[in-house]
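Work through the exercises below with the structure open beside you. Try each task before reading its solution.

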Amino acid sequence: MANALFYLVAALSVVAAAGVVLFRNPISNVLSLLFAFFCLATIYLLAGFQFLAATQILVYAGAIMVLFLFVLMLLNVK
């Protein structure tokens with residue numbers, strides 16, 4: 001069961017990472033990157049690294065993504 005969940009989350013992570021590169025809308029890029037961060041945190045949880053998963057969510061999904069969204073809103077990118 002854990003292997004199937006790992007492969008599912010890994011595939012979703014690859015799709016989200018491809019979405020970061022392929023989407024045309026900057027907001028869609030940021031949201032796809034956020035989803036990739038959460039997938040990576042899930043992979044960390046499956047591997048047994050709870051602290052690293054929490055750090056991934058708090059630092060990257062929290063702080064870095066807020067910074068990206070702030071810059072996009074500041075630049076007023078359509």
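This is a predicted model: local features need pLDDT of at least 70, side-chain atom pairs count only at pLDDT 80 or more; totals for chains, interfaces and linings use all residues.

Residues are numbered from 1 along each chain as its sequence is written, and side-chain values use heavy atoms, with hydrogens and water left out.

**Exercise 1.** Find how far helix α2 reaches from its first C-alpha to its last.

*Solution.* 
- Locate the helix. Helices are DSSP runs (H or I, at least four residues), numbered from the N terminus. α2 covers residues 26-47, 22 residues in total.
- Work out the expected span. The rule is 1.5 Å times one less than the number of residues. For α2 the expected value is 32 Å.
- Compare. α2 reaches 32 Å, close to that expectation.
- Look past the end. Gly48 follows α2 and has a positive phi, near 95 degrees.

**Exercise 2.** Decide which residues of α1 are buried, and where they sit around the axis.

*Solution.* 
- Apply the cut-offs. Buried means under 20% relative accessible area, exposed over 50%, partly exposed in between (1.4 Å probe, protein chains only).
- List the buried residues of α1: Val9, Ser13, Ala16 and Gly19.
- Recall the geometry. An α-helix has 3.6 residues a turn, so residues three or four places apart point the same way.
- Turn to the face away from the buried side. Its exposed residues include Asn3, Val14 and Leu22. Tyr7 is on that face too; Tyr7 counts as exposed because its relative accessibility is 59%.

**Exercise 3.** Identify what the buried residues of α1 and α2 pack against.

*Solution.* 
- Start with α1. Its buried residues pack against α2.
- Go on to α2. Its buried residues pack against α1 (2-22) and α3 (50-75).
- Take one example. Ile43, in helix α2, counts as buried because its relative accessibility is 19%. Ile43 touches Phe6, Val9 and Ala10, not counting residues up to four places away in sequence.

**Exercise 4.** Determine which helix gives the most to the nonpolar patch.

*Solution.* 
- Name the members: Leu5, Phe6, Tyr7, Leu8, Leu12, Phe35 and Leu46 make a nonpolar surface patch of about 650 Å².
- Check the helices. α1 and α2 each supply at least two residues.
- Conclude. α1 gives the most, with 5 residues.

Notes
Contact means heavy atoms within 4.5 Å. The arc is that of the directions from the helix axis to the C-beta atoms. Patches are made of residues with over 30% relative accessible area and no salt bridge: like charges are joined within 9 Å, nonpolar side chains (Val, Leu, Ile, Met, Phe, Trp, Tyr) within 5 Å. Accessible areas come from the Shrake-Rupley method with a 1.4 Å probe; for residues, only the protein chains shown count as cover. A salt bridge is a side-chain nitrogen of Lys or Arg within 4 Å of a carboxyl oxygen of Asp or Glu.
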